[in-house]
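Please read them with the coordinates open.

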Amino acid sequence: MIEIYDLRRIYRMGDIEVRALDGVSLEIEKGEFLGIMGASGSGKTTLLHMLGLLDEPTSGRIVIEGTDLSLLSDYEKAMFRLYKLGYVFQDYALVPDLTVMENVSLTAMLRKDRTEGQYRKDSVEILQKIGLYDRRDHLPRELSGGQQQRVSIARAMVNKPDILFADEPCANLDSENSRMVLELFREINEEMQQTIVMVSHEDWHKDYFHRIVRLKDGKVIADGTNGSSAH
Amino acid sequence: MGKKELKVAFLLAMRSLQRGSRSSVILTILIVAMCFTNMVFLPGMFNSIGQNITKQVVDYEVGNVLISPKSGEQYVTDLDATLALINGMPGVERATPHYSKAATLKYRQRILGVSLRAITPNDEKAVSPLYTKMISGSYLGDGDTGEIILAKMIAGDPSVKEEYEFQASLGGVRVGDSITVEWANGYTKDYRVKGIYSTGYWATDTTGYVTKSDMELVEGRPLDYADYITVKAKPGYSEKFIKDELQQYGVSQKVQTTTDLLAKSMGKALQSYAIINMVSLFVGIVITTVVLFIVITIKTLNSRKQIGILKAIGVDKAVIMHNYGFQVIILALLGIACGIIMTSLLMVYMTYNPIVTPDWSASLYLTPMDLISNSLILFVAAVIAGYVPAWQVSREDIQTAMRS
């Protein structure tokens, strides 16, 4: 489903060259719940940004379902993100002036293959699933951090994306809310066969992943199923 | 850019205005409204002054068309025949002659030099509203002799000392008083003041009127000549039509429309007004453009992270750009609407409280076309001012935007 070939991302800060990703190659299968783990600065977020079309690699290729991402124009990338990908951010990243319902519906409203009735129905269903339907008319600031993150997941899931990316979604949450969010991801993955790629630096999160890729200094140092961590 | 994208852009814009900073929205609308008012106020004033002067010139000086002596001649001659010809022409309401003569007015200890005008009062009624401007006494009749009507400024105010007078006067002549008039040809006669008027037009308010019959006594012969003839057009007939007709009918005197005369006398003033109007318009547009540019720039800078996130979740940059574009459009429309309301209230206020000077009075004269054209200019300027920062920020790459 996702093929990554010799991916490199080099930042230049004056004379200094920082290799955020240094030759990463991976394959991610459909329906996997993949955890990308590593210490701060290991390149895990950079990798996620490359996969989510939020940044461009210095070299290497990413192919998602047969589409070479390097060949897409800006507009095609935007449409690829809209139709194929879902994204959950560390800081929820909800639009503060939109209600919960509007935040969840926002990207669905843009899709040409959805009628108003369809996206409303999908939004209601996903809000019911995450248990926030009764807060649908509230603004994000009126919700707790855990609730906001669940809304963020609902927004990412409403379009039924091929791949869901999550960038340290529990970083700002307490352990109870973190567990709730991880359970939600697991449920989505199991019930809907949703491919999920999640970045985390919390070791206890690994219990939720099918497969864990560990990065260090921009390189894959371990790749294996949960418990094995073999490469 | 499809309907769905525009709908999302509009939703984002509306929600940002509804749920963002109220004070910022209100202040921006107020600034646009004040800019609009600034743009139309001075031109409106100058329009009003121009309209007012034109009306006064038409009403008290030249009518719609002025017939004056041809080059090298002192008077319009063969007056009766000329008047008969003009008054018989289609489109002519009435033609009436004016004849002025210098005179010295004496009343008690006061002596005042003026140029008095001789008119045919009944014909004059069809041409000039002077007869409606009597503040005491009555207007002249055709056969009146030994009677005079004076401007209020000439009659004077007995409560104002001579040294404090703005304009020299007779110090408080009242209707029924007798004044002595010493004409330039030496003829001296006592006149009874029949009426006192005030028109608000300087040239008329610094003179007095006697009848043509009386002037014939002064001159000692029938007046078959005049300084000029004023012609009033019937409603629906243009000045140009009357002028062309007069020339076709063989009126050999100099024929000029009010527009011709004002173009000569007011040309420089109108040019100056136009320059001031342009400056006012330019300043208004620049202020609005800069203010909206700053407002939208601040908004976009404050929302850079959110813009990055919107792009990250698949919202196209055009939607983001139009979001800010719609915000500017809404702010500009509301500002212009408030500006129109403010201007309309000012128009009403100034109609009842005009700015009055000895030469002219001014309120605010704006046509619907003035309001529409200024609204459009301001709207276009506002949209450009808003779209430029919106376009700039929407082009920023996701990583840069999200890191901010």
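Predicted model: local features only at pLDDT ≥ 70, side-chain atom pairs only at ≥ 80, totals over all residues.

1. Every value below is computed from it.

2. Chain contact. On the chain A side, 20 residues are in contact with 18 residues of chain B. Helix H2 (74-84) and H3 of chain A each supply at least two residues of that side. By class, the side of chain A that touches chain B has 12 nonpolar, three polar and five charged residues.

3. Helix H3 (residues 100-110) of chain A packs with helix H1 (residues 3-19) of chain B. The angle is about 155 degrees, and the axes lie 8 Å apart. An angle over 145 degrees counts as roughly antiparallel, so H3(A) is roughly antiparallel to H1(B). H3(A) makes the contact through Leu106(A), Met109(A) and Leu110(A). From H1(B) come Lys4(B), Glu5(B), Lys7(B) and Val8(B). By class, this contact has four nonpolar, no polar and three charged residues.

4. Domains of chain B. Domain 1 takes in 3-57 + 268-403, and domain 2 takes in 70-252. Their C-alpha centres lie 51 Å apart.

5. Gly50(B). This residue lies in helix H2 (residues 22-62) of chain B. Is Gly50(B) buried, exposed or partly exposed? Buried needs 20 or more other C-beta atoms within 10 Å, and exposed needs 12 or fewer. Gly50(B) has 18, so Gly50(B) is partly exposed. Gly50(B) and Trp360(B) are 310 residues apart in sequence. In space, their C-alpha atoms are 9.1 Å apart.

Technical notes: Residues numbered from 1 in each chain as written. Chains lettered and ligands numbered in written order. Axes fitted to C-alpha atoms, helices over the stretch in contact; angles between N-to-C directions. Helix = DSSP H or I, 4+ residues; strand = E, 2+ residues; numbered from the N terminus. Parallel < 35°, antiparallel > 145°, perpendicular 65-115°, else oblique. Contact = placed C-beta atoms within 7 Å. Nonpolar A, V, L, I, M, F, W, Y, C, P; charged D, E, K, R; others polar. Domains from an automatic or database assignment.
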